[in-house]
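Subject: Structure for your review

Dear colleague,

Please find below the structure that I am handing over to you. I would be grateful if you could look through it alongside the notes that come after it.

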Amino acid sequence: MNADLKEQVLRISGSDVRKCMRCGKCSATCPSYDEMEYHPHHFVYLVERGDIERLMESESIYKCLTCFACVERCPRGVEPAKVVEAIRVEAVRRQGMNHMKADDIPAKLDDDMPGQALMTAMRKYSK
Amino acid sequence: MQRIGVFVCHCGTNIAGTVDTKAVAEALGREQCVVFATDYTYMCSESGQNLIKDTIKNEKLTGVVVCSCSPRMHETTFRKAAASVGLNPYMVEIANIREQCSWIHKDKVEATEKAIILGRAAIAKVLLNTPLTAGESPVVKRALVIGGGIAGIQTALDIAEAGFEVDIVEKKPTIGGKMTQIDKTFPTLDCAACILTPKMVDCAQNEKIKIYSYSEVDSVSGFVGNFTVKIKRKARFVDETKCTGCGLCTEKCPMKNVPNEFNLGMDNRRAIYIPFAQAVPKVATIDPDHCNMLKNGKCGVCSKVCTAGAIDYKQTDTFVEEKYGAIVVATGFNPIDVSKYGEYAYDQSKDVITSLEFERLTNAAGPTSGTLLRPSDGKHPHTIVFVQCVGSRCTPERGKQYCSKICCMYTAKHAMLTREKYPDTEVYVFYIDVRTPGKNFDEFYRRAVEDYGVHYIKGAVGKVSPQADGTLDVQASDLIMNEQLHIKADLVVLAAAIEPDKSARPLATKLTASMDTNDFFTEAHPKLRPVESPTAGIFLSGVCQGPKDIPETVSQASACAAKVIGLLVKDKLTCNPCVAHSNEMMCNGCSQCANVCPYGAITYVEKEFRMPDRTTKVRRVASVNPAVCQGCGACTVTCPSGAMDLFGFSNNQIMAEVDAICK
Amino acid sequence: MKISYYPGCTLKNKARDLDRYARESAAVLGYEFEEIENWQCCGGAYTSSKDEIATKLPSVRALANGYKSTGRVVTVCSACYNVLAQTNHEFAVNPDFDMRVNNYLAPDFEYHGDGKVIHYLELLRDEIGFDELKKKVVKPLTGKKIAAYYGCLLLRPSTVLKFDDPENPEIMENLIRALGAEPVIYPMRNECCGGYITLEDTAQAQKRSGAVASSAKDMGADFMITACPLCMYNIKKHSGTGLEIKYFTEVLAEALGIENN
């Protein structure tokens with residue numbers, strides 16, 4: 001259990017993970033559920049446990065669409081999307097850990113793609 | 001010369017752990033007029049009380065100070081002890097060195113110093129105490145029960161059984177409450193109407209019980225043993241004494257499209273109606289919002305067909321004033337409005353319903369005569385999904401914080417009954433927990449799973465999406481298998497949270513009874529006094545005090561009746577002598593005190609006074625009714641001339657306490 | 001009436017239509033959209049991390065400029081609305097953020113969240129009013145069944161944006177009615193199209209936008225309208241349903257009789 005990392009994640013997210021009553025509504029409502037290895041309720045549960053390394057190493061943090069459905073529908077106000085973001089931010093801030101690099105982009109573009117897509121992806125996936 | 005005795009209690013380690021009680025006794029022993037000071041382990045014990053009694057006798061004490069727990073705990077105990085050896089009980093003062101000192105401080109030096117200061121203040125006060133005599137007030141031997149559901153009914157029957165008169169005030173046209181809308185009750189699966197209606201009929205036939213149906217409490221004044229209540233009897237436009245309940249008017253009335261509240265708007269009733277077949281009283285009522293005659297002066301069919309001549313379009317609201325010794329609150333509950341939880345699509349599909357609506361659909365007196373059919377197309381549902389905890393267990397911004405207590409059980413009941421009646425229908429319950437705390441409750445839920453094959457899935461529902469083909473896509477978590485499920489349902493039932501009836505809060509104001517932030521009436525003590533309000537003479541019965549099921553409601557209702565009987569059986573109540581009184585020579589008749597008195601205890605009288613120049617003058621002065629006055633002190637603060645003062649808490653005494661503390 | 005306008009980068013590029021029709025329709029309705037000076041890209045997504053300040057500065061500059069000029073900022077792109085509104089809200093709830101941001105921006109700017117961010121749809125609903133709008137419609141879209149697509153950015157987090165009911169919104173449906181058409185309600189109208197995932201995982205974008213468009217199509221929609229260029233792209237390119245999608249400003253302009261050239 002990494003106490004510093006947990007403290008960081010809680011501070012960056014501003015979320016109170018203890019509020020969670022383990023109902024699973026966040027994961028029930030998550031559009032990326034099937035694409036994720038760890039689901040929103042896992043993020044909240046594992047952060048409370050301090051077991052954060054495995055979340056940082058999982059692709060799941062890049063599958064979150066930041067659609068905030070989980071934030072909107074959680075009856076306890078836990079805000080799982082902010083927890084996922086905090087962990088993603090922790091990962092991406094580390095050296096060499098950018099999930100998307102500028103060089104990768106040209107290959108992914110097509111003529112119709114709006115600049116918004118690039119901007120948002122770069123903001124989410126890199127530092 | 002006053003002789004004060006000081007007794008400092010250890011309260012085991014509750015006080016002694018943080019306060020040096022010996023030092024406190026020593027310090028206070030040096031105070032002026034203190035002739036005796038000691039410390040002791042448990043002042044409230046028999047030996048502790050004997051210590052006080054003996055010291056009063058031996059030292060000829062004129063006043064006693066006990067440094068101990070809150071006066072709310074044992075002031076009465078110590079007063080009784082003093083009275084038993086001839087010292088006026090109002091010459092006893094308590095310094096609270098527990099709740100106000102040892103329990104909130106950690107530093108022993110600080111706490112001890114504070115305890116000494118508190119003791120000094122109490123001594124300063126007791127030196128100015130005057131002996132007081134408690135007055136008496138009579139008890140009206142009649143009880144009022146507000147709310148005619150199972151709680152109110154049970155309480156009324158028990159009070160009547162003890163030989164006292166009881167009035168039930170019920171705002172609906174019939175008594176019976178929510179239980180009349182329930183089909184079967186858990187865990188016995190008794191038919192609710194079958195067990196309720198005999199009680200309803202008992203109430204109607206009992207000589208000691210009077211039912212004011214279609215009525216509301218308009219105003220309340222007075223105090224325990226002597227309440228005066230004004231009851232508004234709403235106009236039914238039907239003469240209760242003539243109507244036989246034959247129902248002919250309800251068949252002939254041409255206004256057919258009034259949403260039927262009894263079936264939660266799922267079918268219609270007429271403008272003149274009897275809520276259901278077993279209504280008590282079985283009397284028709286005209287809904288003034290939908291009656292053509294009352295609104296537009298056209299029609300009159302009901303009056304024409306009524307063989308008893310009971311219709312009276314000219315009827316008006318009437319008021320009745322009655323006196324009661326005790327008032328019971330039994331105002332009950334309602335399910336919350338689930339429109340707020342839009343993810344469940346309640347407003348977007350007729351086939352997303354609440355549990356109470358489901359109850360109506362399965363009841364023989366319901367909109368479909370008891371056949372479970374989809375509200376949208378009347379077809380049989382083959383897959384039903386039950387969603388738990390809708391609006392319960394949330395943070396305050398998102399719903400009710402509490403657990404509504406009855407939903408796990410009634411959902412198991414619904415699921416089980418559905419599977420029993422329609423074995424071809426698949427039933428899913430998405431739960432967070434399954435709460436089954438009562439007798440035979442868990443066994444009941446296990447039968448639903450093991451004998452009837454209800455699918456219980458641990459995980460919440462995220463979204464209900466109405467599809468083009470009329471089915472509902474239910475998207476939910478299966479936390480055990482780590483899957484997001486999509487279930488194609490024909491009917492979705494939401495276990496909505498329950499909340500107190502909306503009439504509860506205005507009623508609490510009328511009664512000056514306290515309420516929590518969820519609008520549940522607060523009990524005098526959550527564990528030891530669950531059926532009494534802190535306001536003397538007000539008692540609580542049923543869900544108005546907190547969510548509970550029928551077995552608990554009936555238990556509490558009988559407990560409440562026992563407390564009421566305990567009150568009504570007395571001929572006299574001792575009043576609090578710490579009441580306000582006005583110095584007539586100083587009173588200038590401004591009426592400020594009467595304006596602020598929450599109990600209506602102050603009136604003004606014209607009196608003749610002898611003036612310094614030998615003439616007489618008639619002046620208007622305040623007069624306090626000591627029986628009504630509760631000693632709150634608001635008038636003493638408001639009085640601009642300082643004429644108003646409080647026995648036992650006089651202005652001088654309070655200033656003396658302040659001086660002692662600031663020394 | 002002049003109102004400060006924040007177009008956002010995409011409206012100057014791939015989503016020119018969204019911008020053009022917005023300005024032209026606003027002009028017909030009596031509003032001049034005055035573009036903010038020196039605005040910068042909002043970044044597309046609001047970073048909820050409490051310790052990120054730099055990524056929010058472009059938004060703050062836009063808000064400060066708008067506040068100085070006309071007291072508020074109107075925007076048309078869902079993403080820009082979401083970022084600006086959340087940034088503005090942060091001033092109200094986080095005094096630490098207020099202090100740090102102003103430290104960064106001093107002495108050029110001082111801003112404490114007093115401005116307002118509104119979406120063009122809110123302007124139509126709350127200031128112009130849909131009844132008034134209806135009167136100005138010259139080419140009503142009679143007989144058309146239109147599905148309003150909100151996506152996630154306009155509605156959530158609802159406690160901050162307070163744009164409309166997050167589960168059962170009606171602002172765009174009321175707009176559709178004002179324009180003479182029939183709105184189509186479908187359950188996926190407030191679910192995500194996939195957003196930025198389209199850049200690296202086309203399959204997921206197809207799945208999400210496919211679910212949204214199919215839902216609209218099943219409920220009988222002729223076409224869809226949206227306020228977000230990314231939603232437009234995902235639905236058009238990846239939904240696989242062939243359902244047509246337009247910007248809401250385009251149908252608004254059309255109904256108001258503005259020529260399409």
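This is a predicted model: local features need pLDDT of at least 70, side-chain atom pairs count only at pLDDT 80 or more; totals for chains, interfaces and linings use all residues.

Chain A

Chain A is built with eight helices and zero strands; in sequence order, its pattern reads α-α-α-α-α-α-α-α. Its radius of gyration is 15 Å, close to the 14 Å that the globule rule gives for 127 residues, so chain A is as compact as a globular protein of that length. The C-alpha trace of chain A extends over about 45 × 30 × 20 Å along its principal axes.

As to the interior, 55% of the 127 residues of chain A count as buried. If one takes the contacts in chain A between residues at least 6 apart in sequence, 72% of them join residues at least 24 apart.

The contact between chain A and chain C

Chain A contributes 30 residues to this contact, and chain C contributes 36 residues. On the side of chain C that touches chain A, α9 (202-218) and α10 (229-238) of chain C each provide at least two residues. The largest share of that side comes from α10(C), with four residues.

With kind regards

Notes:
Residues are numbered from 1 along each chain as its sequence is written. Chains are lettered from A and ligands numbered from 1 in the order in which they are written. The radius of gyration is taken over C-alpha atoms; the globule rule is 2.2 Å times the number of residues to the power 0.38. A residue is buried if 20 or more other C-beta atoms lie within 10 Å of its own, exposed if 12 or fewer, and partly exposed in between; C-beta atoms are placed from the backbone. Two residues are in contact if their C-beta atoms, placed from the backbone, lie within 7 Å.
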